[in-house]
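I opened the model to look up a few points on strands, cores and backbone angles. My entries follow in the order in which I checked them.

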Amino acid sequence: MKLDPSRGPIYLQLAQEITRWIARGDLQPGDRLPPVRELAKRFRVNPNTVVQVYGELERQGITHTQRGRGTFVREDVEVAALRRALLQEAAASFLEEARALGLTLEEAMAALQEVVHARPTEGDR
Amino acid sequence: MLAQLRGIVKTYGAVEALRGVDLELRPGEIVGLLGPNGSGKTTLLKVIAGLLLPDRGGVTVLGGSPRRCRGAVAYLPELPYLPGWMRTAQVETLFRRIFPGFRVDSFRELIGVLRVPDRPVRGLSKGERGRLELAAILALNAKLYLLDEPLGGLDPVSRDRILQSVIAAWHKEAGFVIATHLVAEAEPLFDRVVFLREGKVVLDAPAEELREKGKSVRDVYLEVFGDVGLPVA
């Protein structure tokens with residue numbers, strides 16, 4: 001993932017990226033998140049920003065922090081709900097693009113169908 | 001508070017390099033000191049480092065005069081400072097001798113992070129030399145790190161490793177000021193950005209606050225300095 005500083009605060013972009021890791025199963029409930037400095041190094045961002053990211057994820061009920069032990073994905077995190085939320089966001093921007101192009105919902109759905117048929121293996125997954 | 005500057009004025013002959021600068025530096029913060037060439041960045045860093053005395057205004061660094069806390073302030077000059085015959089090991093010996101708190105472990109780790117080959121300085125590329133000089137400065141046991149254009153004129157790989165090394169050296173008790181005109185590349189590293197224009201602070205704001213309003217630091221930089229007509233990377 002590439003951060004885009006002109007698309008809002010970096011901490012929100014990074015929080016969303018970590019949510020995506022959980023939604024994809026790269027991070028499982030109970031897993032420990034990387035230490036602050038490690039994540040900061042990986043994305044070349046300020047370590048204070050990563051602290052803010054972990055705070056935001058905790059506020060959203062996705063992670064919890066144990067003093068001295070680190071930040072963990074909550075055992076009771078609803079992965080399916082995270083997946084749905086991320087997909088809805090993608091759907092919203094898809095729809096926005098269709099509207100900006102002056103297309104109807106039906107035309108947008110047809111375009112989605114065409115993509116599915118053009119790339120069947122990915123569509124079936 | 002690590003440093004406090006009030007109404008700093010510095011002139012060189014008829015040239016006013018700093019025209020009333022106020023600035024505060026806090027522990028744990030990485031501050032981007034941004035502005036085109038000639039805006040006063042180097043002069044300001046030298047005043048904080050105690051290498052230049054301001055004509056007017058007050059500077060307090062670590063509760064005292066900047067000249068009295070040189071060991072606790074690490075300053076990376078913009079121009080090369082190591083002699084050509086030195087190798088990594090000799091840089092280590094020199095810094096250990098001059099600076100009692102020099103952290104050898106950090107230095108060796110940084111040499112690794114920055115991939116500095118073990119050759120005399122004169123046999124290093126510009127990027128390698130810059131990385132070695134930075135490693136030595138970041139390994140000082142300082143409270144305040146002042147880096148003057150650490151990314152300037154270096155290749156993309158060097159610049160990327162330098163960003164990583166600053167994160168490796170960062171800790172909650174120390175403050176960093178990074179003067180650069182390579183805004184786009186360094187902006188995710190900054191807690192706060194200070195724009196210097198013709199010797200005056202024209203903006204001092206948390207970087208995320210600017211992005212909250214939908215603008216990157218680079219976008220705001222172009223708005224403020226667009227008329228100066230200098231390239232932004």
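I count two strands as paired if DSSP finds at least two bridges between them. The model is predicted, and I read every entry below with that in mind.

Entry on strand S7 of chain B. I looked up its partners. Strand S3 (residues 30-34) of chain B pairs with S7(B) in the parallel sense over five bridges. Within that pairing, I noted B:Val177 as the bridge partner of B:Val31. Strand S6 (residues 144-148) of chain B also pairs with S7(B), in the parallel sense and over five bridges. Here B:Leu144 has B:Gly175 as its bridge partner.

Is S7(B) covered on one face or on both faces? On both: B:Gly175, B:Val177 and B:Ala179 are buried on one side, and B:Phe176, B:Ile178 and B:Thr180 are buried on the other. Since six of the six residues of S7(B) (residues 175-180) are buried, I put the strand down as largely enclosed by the rest of the structure.

Entry on nonpolar cores. The largest has 76 residues, and the members that touch the most others are A:Ile18, B:Phe107, B:Leu132 and B:Phe176. Helix H1 (residues 10-24) of chain A gives the most to this core, seven residues. I also listed a second, separate core of 27 residues, which includes B:Ala3, B:Val31, B:Leu44 and B:Leu52. For B:Leu132 I checked contacts beyond four places in sequence; among them are B:Leu82, B:Phe107, B:Ile111 and B:Val121.

Entry on A:Thr71. I found this residue in strand S2 (residues 70-73) of chain A. Its relative accessibility is 7%, so A:Thr71 counts as buried, the cut-off being under 20%. The side chains of A:Thr71 and A:Thr65 are joined by a polar contact of 3.1 Å. Beyond four places in sequence, A:Thr71 is in contact with residues including A:Asp31, A:Leu33, A:Tyr54 and A:His64.

Entry on phi angles. Most residues other than glycine have a negative phi, so I looked for exceptions. B:Leu62 has a positive phi of about 50°. I located B:Leu62 in the loop between strand S4 (56-61) and strand S5 (73-76) of chain B. B:Leu62 is partly exposed, at a relative accessible area of 32%. B:Glu149 also has a positive phi of about 50°, and its place is in the loop between S6 and H5 of chain B. With a relative accessible area of 8%, B:Glu149 is buried.

Conventions:
Residues numbered from 1 in each chain as written. Chains lettered and ligands numbered in written order. Predicted model: local features only at pLDDT ≥ 70, side-chain atom pairs only at ≥ 80, totals over all residues. Heavy atoms only, no water. Buried < 20%, exposed > 50% of the residue type's maximum accessible area, 1.4 Å probe, protein only. Helix = DSSP H or I, 4+ residues; strand = E, 2+ residues; numbered from the N terminus. Core = buried A, V, L, I, M, F, W, Y, C linked by side-chain atoms within 4.5 Å. Contact = heavy atoms within 4.5 Å. Polar contact = N/O pair within 3.5 Å; in protein donor to acceptor, adjacent residues only side chain to side chain.
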